[in-house]
Amino acid sequence: GDTFTVPSGVTLDTSSSTLSIPSTVITSQTEKSSLADADKFLISDSAASGALKYVQKSNLPSGSLTKVGSSTTLRSSHGDADIPSCFSTTYDAYLITFAITNDRDGNEVRFRFVKADGDTQNTGYSYHNFGYPSNSTSISQQNASGAATNQLSGSTMGSTSSIMWSCWGSMWVYRPMGTTEFKPYVYTSSWYNTSGYSIPQSGGGRNGQTTAFTGIRFLPSANYFFTSDIHVYGLET
């Protein structure tokens, strides 16, 4: 129970002893929920015989995905699925995942970019995609130049039950907020046709405008969607 005070200027050498530090040294401190680049972590450097050093948060690897928007409507017929304010200058690259069920046969899944005023960009989509139906070796493909939308499925896509998606996939969009270049995108999807066969599909394209786009809209070519589950993630670069 004795207390020992180490005088100022004296070195306490514990190199040949065991120094036990209570867990409250950490747990009793104030929590910080958001790290700054200059925050430091104490480490033992294995390349320097275990010498104590620190690493700053700015030295840690980046590249994580951050959800920046979503639009989910399940088990209810609806029209367009909008995420109007998911893009910003914080990120250059965005990952978009989507899963959609048609309200009825013959709908196509399409998308348009959304501008800052809330209107959609209705021109300038140039793309090419192709896929192979699971019951055939022939190619299903679509292409367009300067179109009003970009297609993510074919015109023979069928409606399905509530336990099966009609069309699902992912898409990468690069620098949608840029004002000096066109907006490229690449996507993969899979969809069921009206005969009940799946069609894996890949494609890519661009919108030939230098307008800054703040969001995205998924829309049916006609009628409605039955369900839609869409999420947007910003990629730290």
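Helices, of type H or I with at least four residues, and strands, of type E with at least two, are DSSP runs numbered from the N terminus. With these labels, the predicted model can be described by its largest pocket, to whose lining strand S1 gives the largest share, three residues. A search of the whole structure also finds 13 aromatic pairs.

**The largest pocket**

- The volume of the largest pocket is about 240 Å³.
- Two elements each give two or more residues to the lining of this pocket, namely helix H1 (24-27) and strand S1 (40-45).
- The lining is made up of Val25, Ile26, Gln29, Thr30, Lys40, Phe41 and Leu42.
- By residue class, the lining contains four nonpolar residues, two polar residues and one charged residue.

**Aromatic residues**

- One aromatic cluster is formed by Phe87, Tyr91, Tyr94, Phe98, Phe111, Phe113, Tyr125, Tyr185, Tyr187, Phe213 and Phe218.
- Among the 13 aromatic pairs found in the whole structure is the edge-to-face pair of Phe111 and Tyr125, with 6.1 Å from centre to centre and 85° between the planes.
- Phe111 belongs to strand S6 (residues 109-115) and Tyr125 to strand S7 (residues 125-131), so this pair ties together parts that are 14 residues apart in sequence.
- Phe111 counts as buried because its relative accessible area is 0%, under the 20% limit.
- Tyr125 is likewise buried, with a relative accessible area of 0%.
- Phe213, a member of the aromatic cluster, has the charged end of Lys183 sitting over its ring, 5.1 Å from the ring centre.

**Contacts around Gln121**

- Gln121 is located in the loop between S6 and S7, and it is buried at a relative accessible area of 6%.
- Apart from neighbours within four places in sequence, Gln121 is in contact with Arg112, Phe113, Lys115, Ala148, Asn207, Gln209 and Phe213.
- Between Gln121 and Arg217 the C-alpha to C-alpha distance is 9.7 Å, although the two are 96 residues apart in sequence.
- Asn207, one of the residues in contact with Gln121, lies in strand S12 (residues 198-207) and is buried, with a relative accessible area of 0%.
- When residues up to four places away in sequence are not counted, Asn207 touches Phe113, Gln121, Thr123, Gly124, Tyr125, Phe182, Lys183, Tyr185 and Phe213.
- Ala148, also in contact with Gln121, is placed in the loop between strand S8 (140-147) and strand S9 (150-151).
- Ala148 is partly exposed, as its relative accessible area is 35%.
- Ala148 touches Arg112, Gln121, Asn122, Thr123 and Tyr125, with residues up to four places away in sequence left out.
- Ala148 and Arg110 are 38 residues apart in sequence, and their C-alpha atoms are 9.8 Å apart in space.

**Residues with positive phi**

- Ser49, a residue other than glycine, has a positive phi near 55°.
- Ser49 is in the loop between S1 and strand S2 (51-56), and it counts as exposed at 79% relative accessibility.
- Arg75 is not a glycine either, yet its phi is positive, at about 60°.
- Arg75 lies in the loop between strand S3 (65-73) and strand S4 (81-83), where it is partly exposed with a relative accessible area of 46%.

Definitions and conventions
Residues numbered from 1 in each chain as written. Predicted model: local features only at pLDDT ≥ 70, side-chain atom pairs only at ≥ 80, totals over all residues. Heavy atoms only, no water. 1 Å grid on protein atoms, 1.4 Å probe; cavity = no way out; pocket = protein on both sides within 12 Å on 5 of 7 lines; lining within 4 Å. Points joined across faces, edges and corners; volume = space filled by probe spheres on them. Nonpolar A, V, L, I, M, F, W, Y, C, P; charged D, E, K, R; others polar. Phe/Tyr/Trp six-rings, centres within 6.5 Å; stacked < 30°, edge-to-face > 60°. Buried < 20%, exposed > 50% of the residue type's maximum accessible area, 1.4 Å probe, protein only. Lys NZ or Arg CZ within 6 Å of the ring centre and 35° of its normal. Contact = heavy atoms within 4.5 Å.
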